[in-house]
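Q: Please take me through this model by asking, for each label, what value stands behind the label and which cut-off the value is set against.

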Amino acid sequence: MSAPTHEEQRRAWLDAFASALERRDVDAAASLFADECYWRDLVAFTWNLVTLEGRDAVAAMLTATLPAASPRGWAAEGDAIESAEGVVEGRFNFETGAARCKGHVRLRGGRCWTLTTTMDELIGHEERRGRRRETGRCTAAGTKSVGEVGDPGWQPYCLVVGGGQGGITVGARLGVLGVPVLVVDRLERPGDAWRRRYACLVTHDPVHADHLPYMPFPDHWPVFSTKDRMGDWLEAYATVMGLNYWGSTECRNAVYDEEGQRWTVTLNREGKEVKVYPTHVVLATGLSGAPKVPEVPGAATFVGLQQHSSEFSSGKGWEGKRCVVVGAGNSALDICGDLWAHGAQVTMVQRSATLVVQSQTLTGRMLGKWYSEEAVEAGVTHEMADFAQSTVPYRLMPARSKVLFDEIRAANAEFYDGLSKAGFLLTFGPDGSGMPMRYLRRAAGSLIDTGNSELIASGKVRLKSGVEISNAEADALVLNDGTRLPADLVVYATGYGNMSEVVAKLLGQGVADRIGRVWGMGSGLDGDPGPWEGELRNMWKPTRQPGLWIHAGMLALSRTYSRYLALQIKARFEGIPTPVYGLAEVHHKR
Ligand SMILES: NC(=O)C1=CN([C@@H]2O[C@H](COP(=O)(O)OP(=O)(O)OC[C@H]3O[C@@H](n4cnc5c(N)ncnc54)[C@H](OP(=O)(O)O)[C@@H]3O)[C@@H](O)[C@H]2O)C=CC1
Ligand SMILES: O=C(O)C(=O)Cc1c[nH]c2ccccc12
């Protein structure tokens, strides 16, 4: 007898799984999983974002969720392929009582190694697209189900605080789903958060990874967007998507009424206080909190200009001046390069090691297979890529990523040696897993080099590394090795605080403590304390504070996860039961 084909293996597994679930036979279902197994569920079974590890966890989840989920209609989708030695993988579709869902399975020896199940659309509450689009005909009895902001009595069911890519993506999705949503931002126009950054800021992720939902960038769009162009795109997008967007509107605070199950949110709109009463608040104020400026003894005596990188605009006017840039991340090197290009004498102060990747490595080895012109030509859409990315459980990411980063380090050894020789401190993470894990664990201290690191390697930008700032004098910054750096300008490119600070500021310390730390998955590495949680803390999923959701991250994550966030809110809007399984414990308050 010949060995079963990949297709037959997937079909056999899917049929057995479907039949066990149909019979509500949890033990039989669990026995289809390998000893080492992971099930990542994005809303479909759990109304939560969770990764179950091991057969017992799978069985416990099924026991709790099967009756309500009542999954059915399992059907293979696309080709089953052997993606690695002994690993067969393929996609499938299914339905629960509430939703049409998509899934993916990796099999080893006929048993499940990884399973991913994701909610795609709510049955009977689909997006108003395609055949479901509104006609837009002008009739006397035209339907206006959502209502207009400003109509008497209109209230947002969901208030989104923050109008960057996070707020705009989830706002757009909720709008298409017909949920009354209002997006507010302190700044005047959508995209202003991008526009306000320093002049030379350009995206590092290629356009192929940056599309917003529904409306991709046109294909003549440059690979990398200037900050102003991205700002303009976000603004145009908000307009075209018909987003209810209030600029120049600061969220002052929000108080949750446990009994009435809604928020009272105090907004300051162009100087006037306005109260709104949403059932849900999505915090989308950015993964970064407030600018982090170190307390430097003597800073008040410094006669030159000191600013945080968020206040820096350009190197213009600093020709011939002595400039010190504190920090060694993306902002720091961009600013060093810009100052140098304008003829300044520049010194970078690096305290600890940075994770550096060359731009062409990011677009090539790291993202090329999924987000690139080649991927597009091979028929891999960004939606397919997003789904594929979401099928890797966090537990398995570091080892995969380490293989890639070992290759990257070897292939670019000369580049990294050049930086090391100049004294630049490099890291690839405590476990060598590289940039993706550093981003998911701490979202700071990375550097995507677009060529400026040559300024460091060649000494054109001077470097002091492995040092801390001791104090400031009238005309200099003094380091803890005794070095005195005469300076006319000090830029603190020292990063930003955590999102928990924003939660505390807007919703109070009580709410901040209740939901705990934001981001990181409990790896115990690189500033991300354990215990292991298996999903990003508080991101896009129910938090310990009813009615509070958090949405943040780079464009690609904002696009991918705004879908799951919007579906969870839409289901609640429609009164669909959403029994949450596995609400995360809070292990860390900040
Ligand atoms: N074009 C793009 O796509 C850009 C993206 N970004 C992104 O924005 C985010 C923020 O980046 P960035 O503004 O560079 O901030 P980061 O938090 O990434 O980097 C801050 C740097 O400052 C150092 N630092 C912090 N505190 C001190 C201190 N007291 N003394 C000395 N050094 C200190 C940090 O090192 P230590 O490890 O010692 O704390 C680190 O090198 C990142 O996610 C980044 O990738 C930023 C710019 C451009
Ligand atoms: O560390 C950061 O802040 C990053 O944004 C890193 C980063 C940019 N593009 C990426 C693509 C995949 C993994 C990490 C990154």
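A: A search of the whole structure finds zero disulfides, a disulfide being a pair of cysteine sulfur atoms within 2.5 Å. This is a predicted model, in which local features need pLDDT of at least 70 and side-chain atom pairs count only at pLDDT 80 or more, while totals for chains, interfaces and linings use all residues. Side-chain values use heavy atoms, with hydrogens and water left out, and residues are numbered from 1 along each chain as its sequence is written.

Q: Why is Cys158 called buried?

A: Buried means under 20% relative accessible area, exposed over 50%, and partly exposed in between, with a 1.4 Å probe and protein chains only. Cys158 has a relative accessible area of 0% and is therefore buried; Cys336, with a value of 0%, is buried as well.

Q: What makes Gly109 exposed?

A: Gly109 has a relative accessible area of 79%, and so it counts as exposed. Gly109 lies in the loop between β5 (99-108) and β6 (111-122), where strands are DSSP runs (E, at least two residues) numbered from the N terminus. The C-alpha atoms of Gly109 and Gly86 are separated by 7.1 Å, although these residues are 23 residues apart along the chain.

Note on methods:
Chains lettered and ligands numbered in written order. Helix = DSSP H or I, 4+ residues; strand = E, 2+ residues; numbered from the N terminus.
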